[in-house]
Amino acid sequence: MGHIVEVSGLKKRYKKFEAVTGVDLQVEEGEIFGFLGPNGAGKSTTINMLSTIIKPSEGKASINGYDIVEEKNKVRASIGLIFQESTLDEKLTANENLLLHCKFYGVAKDKRKERIQEVLEIVDLTDKRANIVETFSGGMKRRLEIARGLLHYPRVLFLDEPTVGLDPQTRNHIWEYILRLKKKAGITIFLTTHYMDEAEICDRVAVMDQGKLIALDTPDQLKTNVGGDIIEVETENNQAAEALLEEMYSVEVTAAGQALTFQVDKGSEFLVKFVKEFDIPICTVNLRRPTLNDVFLTLTGREIREETVSGKDKMKHLKRGPH
Amino acid sequence: MEAIYAIWQRDVLKFFRDKARLIGSFAMPFMFLILFGSGMSGAIGSMMGGEAASGPLSDFNFVEFMFPGIIGMTVFNTAIFSALSVVQDREFGYLREILVSPMSRTSIAIGKVLGGSTVALFQGLMMLVFVPFIGVTITIPIILKLIPVMFLVAFAISSIGLLIATSLKTSQGFQMVIQVLIFPMLFLSGALFPLSGMPAWMDFLVKINPLTYSVDMFKKIILQPEQMEPALREAMGLNLSIFNHVITFSEEILVVAVLSIIFVLFATIRFNRAEA
Ligand SMILES: Nc1ncnc2c1ncn2[C@@H]1O[C@H](COP(=O)(O)OP(=O)(O)OP(=O)(O)O)[C@@H](O)[C@H]1O
Ligand SMILES: [Mg+2]
């Protein structure tokens, strides 16, 4: 008890397939909590269970002290939700969308105008309030959805991939709003993403793969756990180099694209020695601090692959873009 | 209450905003009245004895006969298609915004049915613009009587629509089911031609069709059969009866009201189980 979000042994089965195979976690009040994982990891499924959209097959969870199965309506009143897919009524104006939301959530009549003004200011859409949502750009729609999610002053705001399908500049903007929110409203933010750089901003990150959490910590701690520094090297014969590296330094080498990647304790000292004594001609070599991608790579042996946009993502992009 | 109102308001607002749909809604009834109605007038006229017809049957005006049926058809179509918004909301994601709010599912379902009924009522009333071209007389008392009846019929049909919409995932599926449902119901309701001298099995279908009673109510209000010659009334199929009992207007109200309650109950129960 005492945590704003509390989850234990949460599972979701679809027929025989287990989409979420047991999640345990607690979220502190006021924290930005990130769910990081590749496509199909079960992030949305978990969020959907927590937000009462789908029923868990097993396990318990509470939000703001209310059980997500037994006290659905109290949970619903305590949370704001921004889905992976847009859920605006595009035939209505921004203001109408917000006003309807106030009515759905029982915001008192005399407070509506003021609240709408307030949330529109947070996302910089005040001058667009009378426009039909259909005419908005993808980023504007996203911002409007965030504003809408805040209208009823939720204790926890769930954001399922808030920036997917948006250009980098808009992504930055959305993040500014999210951080501004945390500062201003002090609400707890629970989000999913498969962008590494976004996970870095979170206070704590849960790494999810194939339906279960494989790590949960602050981004810094996660990276420290990976150990040493990361060396990326390209040679004229990667295959031979891989074998030779493993033999000479007993390191675990992963081939990612053109480069071979491995970890060492003291990166700079290693590099000097390595360049001098390695027999296969080196094309490029690079030393860097570990990123969350390396965390994922170490834990699963795979990359999250944020550069490949899946077909699903492309569709989302089209859906959200102007028609 | 607020929830019911909000859901209702959204549907009504969107109906009046969609100008193309408003104008387009006149096309079907117009074609039925002008093409089908005028065409059939001649045919039916000559079947009843043509120019030589004497007495009350010479007063048979097919377009006039059809008009209440066209109103019924419009109310029926609009009401049942209003539920398409539920399927579309699911497709476009808005249904989730509605379903994850703390509103009760029952309020949402009732708001939806009331929204559909209101829209269908307006659409039905709009058909009265054809009145001057048809030759029926519509007075204010007739309109005042028509409004609650239209609303009641629309309420029953919207509930059927919601029941179907809640069970289907795509708008194509919904439209298919509705098409398959709409035509037999319309043809077997007496909206488009007089129902007399039918085979027994068809007569049975007519009698279990809720639309039959709805259309008959519109006819009773608009055509005022009590002022007609009995022979003409018979020819127009206005003596709807079951087991030799001529059904009265109040009985029809009762039938449709009871059906409304049953359908809205089923639709609400079904909607309460819907997943987002
Ligand atoms: N209704 C369903 N029926 C069957 N399987 C489902 C259903 N919904 C999701 N799944 C499966 O559950 C797994 C997890 O899906 P989920 O949407 O939670 O992934 P995700 O982590 O959100 O991925 P993404 O990054 O693509 O959004 C996937 O393999 C998916 O195919
Ligand atoms: Mg997802």
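Modeller: One definition first: Ala, Val, Leu, Ile, Met, Phe, Trp, Tyr, Cys and Pro count as nonpolar, Asp, Glu, Lys and Arg as charged, and the others, Gly among them, as polar. This is a predicted model: local features need pLDDT of at least 70, side-chain atom pairs count only at pLDDT 80 or more, and totals for chains, interfaces and linings use all residues. Residues are numbered from 1 along each chain as written, chains are lettered from A and ligands numbered from 1 in written order, and side-chain values use heavy atoms, without hydrogens and water.

Biologist: How many charged residues are in the lining of the largest pocket?

Modeller: A pocket is an open set of points on a 1 Å grid over the protein atoms alone, where a 1.4 Å probe fits, with protein on both sides within 12 Å along at least five of seven lines; lining residues have an atom within 4 Å of a point. Here 40 residues line the largest pocket, with B:Lys14 and B:Asp18 among those nearest its centre. By class, 10 are nonpolar, 15 are polar, and the charged ones number 15.

Biologist: Which element gives the most to that lining of the largest pocket?

Modeller: Helices are DSSP runs (H or I, at least four residues), numbered from the N terminus. Six residues of the lining come from one element, helix 4 of chain B.

Biologist: What area do chain B and chain A bury between them?

Modeller: Contact (heavy atoms within 4.5 Å) joins 24 residues of chain B to 28 of chain A. Buried area is the accessible area (1.4 Å probe) lost on putting two parts together, summed over both. Carbon and sulfur atoms carry 54% of the total, which is about 2200 Å².

Biologist: How many salt bridges does the count between chain B and chain A give?

Modeller: A salt bridge puts a side-chain nitrogen of Lys or Arg within 4 Å of a carboxyl oxygen of Asp or Glu. A:Arg112 and B:Glu2 meet in one, at 3.3 Å from N to O. Over all chains the structure holds 30. Between chain B and chain A the count is five.

How values were computed: Helix = DSSP H or I, 4+ residues; strand = E, 2+ residues; numbered from the N terminus. Contact = heavy atoms within 4.5 Å.
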